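Grab a pencil and open the structure viewer.

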Amino acid sequence: NTAVYGDALIGPSGDTDTAVSIGPNSTLYGTSSASQELLIFPVPTTDLPSSGDLDITTDTTYLEGGTYHFDSLKISGTGQLALTGTAVIYVNGDVSITGNGIVTQNNIPKNLLIYSTGTSDVAIGGNGSFYGGIYAPLADVKNNGNGGVHGAIVSKTYTQTGNASIHFDEAMKEIQGGIQNPKPSVVSW
């Protein structure tokens, strides 16, 4: 029951018949194709010291707008992360967003960018929708929830199961690796 509102773009030597798998009752509303050239997505880095692990299991944790750096990000149980402004979050390790998820300012996807700086998994689950961007060029991103993803995802691999949908927000097409590019660039998920 997955719906993808956008295109699926794979590497230039890839075969879309084997690299893009669409299960029963699922729909890709865009096209599936191989890139004309190899796209290199820079690994995101930050000089900001880490604040350790952010583990939210109950209640709501509020963060003001700004840039944050954590060793891991885990939201579960009845926990929720509420952002009161535009936020950029760098994470060195695992990212697991379940529970009551993340609430961004006005549910505008470009108000949240999560940068995975390594190869650890990024997991989105639960029933809530995710509004934001996930930039994880070396990581596997898995969406196994019932809510929708609104924004953009750049990842090594992307797997979606459950009843979720993904809606690409064109306002995020120029953002990669923490750098705003002057020209539009291809975004894949």
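**Exercise 1.** Find out which residues leucine 73 is in contact with, leaving aside its neighbours within four places in sequence.

*Solution.* Start with the list: leucine 73 touches Leu54, Val91, Asp94, Val95, Ser96 and Ile114, where contact means heavy atoms within 4.5 Å. Next, pick valine 95 from that list. Leucine 73 and valine 95 sit 22 residues apart in sequence, yet their C-alpha atoms are 4.8 Å apart in space. Now place leucine 73 itself: it belongs to strand β8, residues 72–75. (Strands are DSSP runs of E with at least two residues, and numbering goes from the N terminus.) Last, check the surface: leucine 73 has a relative accessible area of 0%, so it is buried. Buried means under 20% relative accessible area, exposed over 50%, and partly exposed in between, with a 1.4 Å probe and protein chains only.

A word on the ground rules: this is a predicted model, where local features need pLDDT of at least 70, side-chain atom pairs count only at pLDDT 80 or more, and totals for chains, interfaces and linings use all residues. Residues are numbered from 1 along each chain as its sequence is written, and side-chain values use heavy atoms, with hydrogens and water left out.

**Exercise 2.** Work out which strands stand at the edges of the open sheet of three strands.

*Solution.* First write down the order, which is β6-β9-β12 with parallel pairing. β6 (60–63) and β12 (102–103) each have a single partner strand, so they are the edges, and one side of each has no neighbour in the sheet. Two strands pair if DSSP finds at least two bridges between them. For an example, take threonine 60, whose bridge partner in β9 is glutamine 80.

**Exercise 3.** Decide which elements give two or more residues to the lining of the second largest cavity.

*Solution.* Begin with the volume, about 30 Å³. The lining includes Phe130, Asn143, Gly148 and Val149. The elements giving two or more residues are β15 and β16. Then look at how those strands relate: β15 (residues 130–143) and β16 (residues 148–160) run parallel, joined by 11 bridges. Tyrosine 131, for instance, stands opposite histidine 150 in β16. To finish, follow β16 onwards: four bridges join β16 to β17 (residues 165–168), again running parallel. There, valine 149 has isoleucine 166 in β17 as its bridge partner.

*Term used here:* on a 1 Å grid over the protein atoms alone, a cavity is a set of points where a 1.4 Å probe fits but cannot get out, and lining residues have an atom within 4 Å of a point. Grid points are joined across faces, edges and corners, and a volume is the space filled by probe spheres set on the points.

Note on methods
On a 1 Å grid over the protein atoms alone, a cavity is a set of points where a 1.4 Å probe fits but cannot get out, and a pocket is an open set with protein on both sides within 12 Å along at least five of seven lines; lining residues have an atom within 4 Å of a point.
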